[in-house]
Amino acid sequence: MEAPAEPSAGSPADSRSTDSHSADSRPAAGRSADGGGLGPVPGPDGPRPAPGALIQDRLAGWVSDLSTLHELTERLARTGTLDEALRELLRAGATLVGARRGLAVLEPADGQGPASTVGLGLAHCDIGAIETVPREATAFGRLLDGPADGRGPDGRPAGPVAVPDLAGDPGLDPRHREVAARLGFAASFAVPLAAEAGGRLGAAVWFYDEPAEPAEGRRHLAGLYGRYAAEHLARLLELERARARMAALAEELLPTRLPYVPGVRLAVRHLTGPRGGGDWHDALPLPEGALGLAVGSVSGSGPSALAAMGRMRASLRAYAVMEGEDPVAVLSDLELMLRLTEPARSATALFAYAEPERRRIVLAGAGHTPPLIVGEHRTEFVETSLSAPLGMLACWEAPSVEIAPASGETVLLYTDGLLRGPGESTDRAFTRLHAAAATVPRADRADPGAVADHVLHTLLPDGAPAGEDVVILAARFD
């Protein structure tokens with residue numbers, strides 16, 4: 001790691017430096033926001049430290065600065081999302097430059113997004129007020145709208161920009177002056193966020209309550225940290241874009257709407273996890289007012305799992321039309337297709353042939369989680385026979401199960417991502433799912449979507465799967 005050009009404010013070397021540019025006692029000139037900075041030049045009559053002591057103190061200051069920088073970058077490296085990284089960037093930068101408020105904007109120059117704005121010590125209305133200032137009127141805005149490669153006119157990476165005294169700047173835009181006065185900003189310090197390969201990603205700015213400017217050593221540290229943060233943000237950005245592309249592709253491969261079949265109301269919830277991509281669902285009308293319901297999961301992740309999922313769903317639709325009354329035959333055909341086209345892949349699946357007017361369901365499952373019936377007088381799992389996943393046996397076959405949901409009851413089909421809690425046993429996971437379904441409010445039981453939402457919010461309070469995809473297909477029988 002490159003060593004700082006100057007010792008940071010507050011380091012042992014600060015009090016013994018002989019840099020003359022920091023002798024000004026005004027807070028805005030060569031002094032950090034917390035009152036630190038480089039000390040005065042020793043007078044001609046005062047004692048002068050030995051040269052060896054100066055070098056030793058300066059080296060100690062560098063080691064202290066590098067230790068701080070290492071700790072802050074380690075904390076940043078542990079962030080796993082863009083939002084987390086931006087918030088950690090603001091907190092660490094505030095520590096380095098001695099500020100308590102800041103703003104980070106992610107706005108990739110390639111225009112492909114995603115864009116995000118995060119504040120530190122700022123309310124939403126404060127961020128809104130700052131955004132009303134014309135970009136070209138602020139150094140921060142000029143960094144955001146600078147060259148796409150994140151470099152300055154000299155071809156070198158753009159560096160930090162300090163405005164040590166906003167009120168004393170005669171060329172300050174009136175709107176900028178008004179917002180600064182209203183929010184209590186007297187100075188600002190901004191760093192660009194530009195990756196070596198990805199170009200300009202955004203910028204971060206910190207605000208001071210009084211005229212101030214970081215000492216040269218702190219400016220250098222903030223610049224180093226900003227360059228490291230930009231590279232980390234670039235990696236997270238690529239991951240986020242890959243997830244977005246995967247989610248869009250999965251959405252294209254799944255049904256865009258659920259069919260209307262008299263006697264039953266349907267709802268589906270599909271959440272894509274960071275390691276998911278292979279879960280799917282389907283609902284298709286069949287002859288004589290019947291309805292086919294299916295959920296499944298393909299092993300693996302990434303584009304290959306999505307492609308396999310698309311083939312599985314398309315094949316199951318064809319088999320359901322041909323022999324949907326026999327769910328075992330449908331899954332047997334699906335197993336043969338998987339073994340011939342994806343010999344190294346396994347999958348779980350559950351297919352149900354429903355006759356809503358008769359309130360009758362015949363279903364079969366291959367290594368899949370059992371359905372759950374939720375009603376006024378019962379909440380219970382359907383006892384299905386144990387069966388291996390598709391692709392695990394030379395010839396798959398298992399008996400089907402017939403159930404008769406009462407009027408007003410909802411049948412939940414789901415994938416096992418709903419049960420995957422960190423360090424949780426399978427029995428405990430099923431118990432939590434049963435409890436979540438049993439506590440659906442009475443007012444929500446008439447709506448299959450509300451039933452699915454209640455279960456999801458109970459089991460996943462933060463709204464995001466821990467790893468795999470989560471699918472819930474709810475069918476309420478009238």
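This is a predicted model: local features need pLDDT of at least 70, side-chain atom pairs count only at pLDDT 80 or more; totals for chains, interfaces and linings use all residues.
On the H2 side the contact includes Leu-82, Ala-85, Leu-86 and Leu-89, while H6 contributes residues among them Leu-221, Ala-222, Tyr-225 and Leu-236. By class, the contact of H2 with H6 has 14 nonpolar, 3 polar and 3 charged residues.

The largest nonpolar core has 37 residues, and those with the most contacts inside this core are Leu-89, Val-97, Trp-206 and Tyr-225. Two or more residues come from each of several elements, including helix H1 (51-77), H2, strand E5 (199-208) and H6, and H6 gives the most, with 10 residues. When neighbours within four places in sequence are left aside, the contacts of Tyr-225 include Leu-69, Leu-72, Leu-89 and Leu-96. A second, separate core of 29 residues includes Met-246, Ala-290, Tyr-319 and Tyr-353.

Most residues other than glycine have a negative phi, and most peptide bonds are trans. A cis peptide bond, with omega about -5°, joins Gly-113 and Pro-114, and Pro-114 lies in the loop between E1 and E2. Glu-288, in the loop between strand E7 (279-286) and strand E8 (290-298), has a positive phi near 65°, and this residue counts as exposed because its relative accessibility is 80%. Arg-359, found in the loop between strand E9 (347-355) and strand E10 (360-366), likewise has a positive phi, of about 45°, but its relative accessibility is 31%, so Arg-359 counts as partly exposed.

Key: Residues are numbered from 1 along each chain as its sequence is written. Side-chain values use heavy atoms; hydrogens and water are left out. Contact means heavy atoms within 4.5 Å. Helices (H or I, at least four residues) and strands (E, at least two) are DSSP runs, numbered from the N terminus. Ala, Val, Leu, Ile, Met, Phe, Trp, Tyr, Cys and Pro count as nonpolar, Asp, Glu, Lys and Arg as charged, and the others, Gly among them, as polar. A nonpolar core is a set of buried Ala, Val, Leu, Ile, Met, Phe, Trp, Tyr and Cys residues joined through side-chain atoms within 4.5 Å. Buried means under 20% relative accessible area, exposed over 50%, partly exposed in between (1.4 Å probe, protein chains only).
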